[in-house]
Amino acid sequence: MAWTSVATLDELPAGRLLEVEHRGELYAVCNFDGEIRATSGRCPHHGGPLGQGALDGALITCPWHMWQFDSATGACAFNPDLRIPVYSVRVESGEILVDLPHA
Ligand code: FES
């Protein structure tokens, strides 16, 4: 794991969801009410690109078949036993840093 710059705060205003690719892996980064959150960008259903989906409140909706995941915990909205990975985030000087596994 290593802190990796993925975007600037200017690129991610409140309510926005962003897809980030880093070393061949996709991540979804969102701004829920001023809190930046980062999850895996691959849906566990059929691999849909979560970062290209929608942010509905705190929930990320997959664009392919509409499964939803909590952006804070990674839990699937209809099956909490199913989770996507979530990653630590910090913001420094307007830069969003995520502790990614493939640095
Ligand atoms: S691939 Fe995400 S809901 Fe089917």
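Tutor: Start with a definition: two strands pair if DSSP finds at least two bridges between them. A strand here is a DSSP run of E, at least two residues long, and a helix is a run of H or I, at least four long, both numbered from the N terminus. This is a predicted model: local features need pLDDT of at least 70, side-chain atom pairs count only at pLDDT 80 or more, and totals for chains, interfaces and linings use all residues. Residues are numbered from 1 along each chain as its sequence is written.

Now the strands. The protein chain has zero helices and ten strands. Strand β9 (residues 89-92) and strand β10 (residues 95-100) run antiparallel, joined by four bridges. Val 89 has Val 98 in β10 as its bridge partner. β9 and β10 form a hairpin, with two residues between them. Ser 93 sits in that turn and has a positive phi of about 50 degrees.

Next, the open sheet. Four strands form it, in the order β2-β3-β4-β8, with antiparallel pairing. Its edge strands are β2 (17-22) and β8, and each pairs on one side only. Six bridges join β3 (residues 25-32) to β4 (residues 35-40). One of the paired residues is Asn 31, whose bridge partner in β4 is Ile 36.

Now the core itself. A residue is buried if 20 or more other C-beta atoms lie within 10 Å of its own, exposed if 12 or fewer, and partly exposed in between; C-beta atoms are placed from the backbone. A nonpolar core is a set of buried Ala, Val, Leu, Ile, Met, Phe, Trp, Tyr and Cys residues joined through C-beta atoms within 7 Å. The largest such core has 19 residues. Those with the most contacts inside it are Tyr 27, Ala 28, Val 29, Cys 30, Ile 60 and Val 98. β2, β3, β4 and β10 each give two or more residues to this core. β3 gives the most, with four residues.

For contrast, take Pro 80, in the loop between β7 (68-70) and β8 (86-87). Pro 80 is exposed, because 11 other C-beta atoms lie within 10 Å.
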